Amino acid sequence: MNRLAPSRLTRWIIGALVAAFFLIPLGSTLLYTFQMPDGSATLAHWTSLADPESAAKLRPVWTGLTNSFVLAVVTVTIVLFVLAPTMILVNLRFPRVKALFEFVALLPISIPAIVLVVGLAPIYLSIARSIGTGSWTLAFAYGITVLPFAYRSIQASIDAADLKTLSEAARSLGAGWPTVVLHVLAPNIRQGLLAGSLLSIAVVLGEFTIASLLNRDVFQTSMLVVSKQDPYLPAIFTLLALTLCFVLLLIIGRVGRGIRKAQP
Amino acid sequence: MTLHPLPPTADNSLLADAGEGTRVEFRGITKSYGSTRVLHGVDLDIAPGEFVSLLGPSGCGKTTALRVLAGLEANDGGAVMLGGRDVSRVPTNKRDIGMVFQSYSLFPHLSVVENTAFGLRRRGVRRTEAHKRAVDSLALVGLDHLADRFPHQLSGGQQQRVALARALVTEPRVLLLDEPLSALDAKVRVQLRDEIRRIQLRLGITTLFVTHDQEEALAVSDRIAVMNAGRIDQVDSPENLYLRPATAHVASFVGLSSLVRGVADGSFVSVWGTRIPLHSVAHGTVDVHLRPENLRLVDEGEGTMHALVEESTFLGSMRRTLVRTESGELVRVQHDARIRPAYGERVCLAIDPQPVAVREGA
């Protein structure tokens, strides 16, 4: 046994503290959704989701949710078809610019969203004039905000796979570059692509500032709207969104384990 | 070169289709990385069906030369000819080559048979036909029973065998081997080395083998091109390289040799009172490359040199002993295994007057 490792008791205490840090607020929120203002227990807040009378109240949520899902799809498309091929290209053909590319990709994490909006506002004026003000156009901004998360996930997989040798082997066997990328490289960095995509979805579903300041209706802005009419609904939808993210993380882990079974 | 391919068998489509191989020519190939020139006008002709090794120390440009032939690096000058056609600007995937890499280059997400069929599928061969031919190719390397496994379920030697089967299944015009044995343990290295040669002879495929291991090159090659600092020093048969090295670098790199001081007078050099013929004319004080088998342990007499034993190594059928001469030179001598010199023992050496190579300006 490693003598420098903490004892089992210490590990349990640390684990319990971390779990409490996350679970107490979530548990409190969950309890809150089962309470009436007078403190009595009720399922009414949850059943109201299916109540036709609540339809008008919930409409902004469904609109925001739909917009967020469209944004998530477009953002993931940007990650998979713009970012990932660029990263493969940089790693295989232009390794000298890798450090610069990494710096640029990680930069958005250090820029507050409010500052980002100041720069994005005039750009979105031009976008609005050329292709309209559809909510999906927000994906261009989200493509930037998810860069650090998607980049790190994909780069970790790229570092683990010997892309150079794999691509050269495939080329020597007669494969053109599209085949190399789609049939050889992508399957071998699949875990990174999946993790990058799911983290991007999580970021898009949780983003508020940019959407609000650029006057777009997304899931998080709809929570603000609805909370003015019913304080319980945002709590319920927050729990559902967290559950969704948790399921997504489980999928990442499961797929990752599946890939590890087929790989050394 | 005379090849004696085995007769085709019905169960091996590869063998049945074995051709005569393709001529490969390097014509004045130059290549630089930035301001560093790594290939200085390399010229090399490889006959159809010939097995040629590029041998040299690390950084001499042998892998770069192979990669230029594969199209993985672009040559700055000169021409690469495949079957008489300049392919210098033809992309790798259109050159019709098979290549085995130093690192295990199997695709981890594909099974052994899928890996092997990859090149066939890229050439539009139907799935069932590609599968059948892939299994045939795996049979050639004795791994058809592992067709459904994944690369990580194979040993290093098995992975390189699959890589070889994958490279051969498309019946390429030339087979390129980029130090394919260097990651394997000693026993597997020898087995796979011999297997590569056996298969190459059966298929008659032109093969270029890059290695820094002289023993590997000497064992399997029809000819060896010894490279040094981006140039080819000598291209010759293994026997000639060993017995008649053209340069001091070849003499020192191919086989074991010891350097001793001598005085040359044209076609001969005098060492320890013995006149030895030279491969090339030299004058004055020179360093002479003596092979261990050119030296003998003898009784004291004329033309002998006294020496003290530094170490002695048993090599199975013989013994090799390192001695320090009275003039301070360290020399290896090969002799009967039954003679067991002890450390510090005083011995006498004599030189067999076989032709030797020298380094001038000593």
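Why is strand β9 (residues 223–228) of chain B largely enclosed by the rest of the structure? Five of its six residues are buried, so β9(B) is largely enclosed. Buried means that 20 or more other C-beta atoms, placed from the backbone, lie within 10 Å of a residue's own.

## Basis

This is a predicted model: local features need pLDDT of at least 70, side-chain atom pairs count only at pLDDT 80 or more, and totals for chains, interfaces and linings use all residues. Residues are numbered from 1 along each chain as its sequence is written, while chains are lettered from A and ligands numbered from 1 in written order.

## Chain B overall

Chain B has nine helices and 18 strands. These are DSSP runs, numbered from the N terminus: helices are H or I of at least four residues, strands E of at least two. Of its 362 residues, 46% count as buried. The C-alpha atoms fill a box of roughly 75 × 45 × 40 Å along the principal axes.

## Around β9

Strands pair if DSSP finds at least two bridges between them. Strand β3 (residues 51–55) of chain B runs parallel to β9(B), joined by four bridges. There, S53(B) partners I224(B).

Strand β10 (residues 231–236) of chain B pairs antiparallel with β9(B) over five bridges. M227(B) has I232(B) as its bridge partner. The β9(B)–β10(B) hairpin has two residues between the strands, and A229(B) takes a positive phi near 50°.

## The five-stranded sheet

An open, antiparallel sheet in chain B has the order β13-β17-β14-β15-β16. Its edge strands are β13 (295–298) and β16 (330–336), each pairing on one side only.

Four bridges join β13(B) to the antiparallel β17 (residues 346–351) of chain B. L295(B) has I351(B) as its bridge partner in β17(B).

Methods: Buried ≥ 20, exposed ≤ 12 C-beta atoms within 10 Å, placed from the backbone.
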